[in-house]
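Open your viewer and get ready to select a few stretches by residue number. We will walk through them one stop at a time.

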Amino acid sequence: MHGTYANSLSDGLVGRALRQGLLAVCVSSAQPLVASDAGFALEDSVAARLIDATGLTSVTTAGFGMGATQGAYPPFAEAARHVADSRGQSEGKWNLTRPAVAFAVGRLREALADAPEFAAAHYLLGLMDARQRRYGDALAAYRRAAGAGSPFSKDSMKALFLGVVARCQAAAQQVAKGTQFLDRGKVEEAGAAYAEAVGLMSDYAEAQANLGLVRMLRGDIDGAVSRQLEAIRLDPALAEAHYNLGNAYSRQGRYEEAVISFKEAIRLKPDSAPPDSVVSIVDAHQGAHTRSVAGYQHAMRHAGLANAHFNLGDNKTAIQAYTRAIRLAPDFADGHYNLGVIHEREGNAERAIVHWRAYLKLALNDPSQRKWVADARVRLDRLESHQEQ
């Protein structure tokens, strides 16, 4: 299981698992089709970048590749142009955004619907599957391409393709290793693992987001913002990156921008979305590591939003958001602590006492909360003594 972490209200981290696996594959033995003599060659600049990025030869990109048809080549060319452009804009490295991959995959499937034996389309689709860490699908696509014969059946093409898959797998393994390090409080080692993943696969959005969290734990908030923005550019639908960005903005005092980021995280992963059954929490200041039950991730997003509203002076909205967080995760101790603070400032001693008591009950035996437990006791004693007078 590979984790993507989301920074928590109390400077923590919440893990989200990604799945990967190898699937059994079947290779079609049907004879490939042959394109007409007309051909539909890519322009030279696109073809050259595509060759560098994928190993596809000029023959396979010129419209005469095995299995190509007149109807299949235009969508293949559009997909190839997307891949080639990503290569040209990133100094020799792929930098495919998630929407770009989705577009390329869609166009390649259109091409294959018209020409099921279009070898170059299968090959490029396999590379896109590898970028999405769908290794079983990637290998199946390559085998279909190789079944068409030369050049894909040659050892050099096979080695090139498997090399791409291996780099994607290695990047995912480094993310998993980083997650394990964070679970044990080894921030520096986690950072090294995430950096290795990014080095292997710069368009790995989750790795960029996790590396941003390490930057935040090190106190490099500007670096954290930069990494989260890059993760969002690569995958605009990565809710954890928006959440992490909201926390980074909050630490910079950019609360209005933080509100926007937290709301986007909630929109992308609403409360109705199934949360992970277990998430990891790492406290940036105390270094504690605990486990929490399902619902905590959703709660943290509302808590982050509440914090931003509180710092903007909007106590009413902050109370609503914290209350929502507690409903989602009743064992969310920090939510009760912060509600106690707000209600006390609002002069509502009765509500404050309720939340201070709930907080102490939840946090009393948590070493990472020792400092805040002492503070809560002082606050609770003061309020209760005033009520008795």
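How many residues does helix α3 have, and how far does α3 reach from its first C-alpha to its last? Select residues 98-114: α3 has 17 residues and reaches 25 Å, close to the 24 Å expected at 1.5 Å a residue. That expected span is 1.5 Å times one less than the number of residues. Helices here are DSSP runs (H or I, at least four residues), numbered from the N terminus.

Before moving on, a note on the model: it is predicted, local features need pLDDT of at least 70, side-chain atom pairs count only at pLDDT 80 or more, and totals for chains, interfaces and linings use all residues. Residues are numbered from 1 along each chain as its sequence is written, and side-chain values use heavy atoms, with hydrogens and water left out.

Next, colour the buried residues of α3, among them Ala100, Val101, Leu108 and Leu112. Buried means under 20% relative accessible area (1.4 Å probe, protein chains only).

Now pick Arg107, also in α3. Arg107 is buried, with a relative accessible area of 17%. Show its neighbours: Arg107 touches Pro75, Glu78 and Ala79, not counting residues up to four places away in sequence. Contact means heavy atoms within 4.5 Å.

For the last stop, select helix α8 (residues 205-217) and helix α10 (residues 239-251), which pack at an angle of about 20 degrees with their axes 10 Å apart. Axes are lines fitted to C-alpha atoms over the stretch in contact, and angles run from 0 to 180 degrees between N-to-C directions. The two helices, α8 and α10, are therefore roughly parallel to each other (angles under 35 degrees count as such). Show side chains for the contact: Ala209, Leu213 and Met216 of α8 meet Ala241, Asn244, Asn247, Ala248 and Arg251 of α10.

Conventions:
Angles under 35 degrees count as roughly parallel, over 145 as roughly antiparallel, 65 to 115 as roughly perpendicular and the rest as oblique. Buried means under 20% relative accessible area, exposed over 50%, partly exposed in between (1.4 Å probe, protein chains only).
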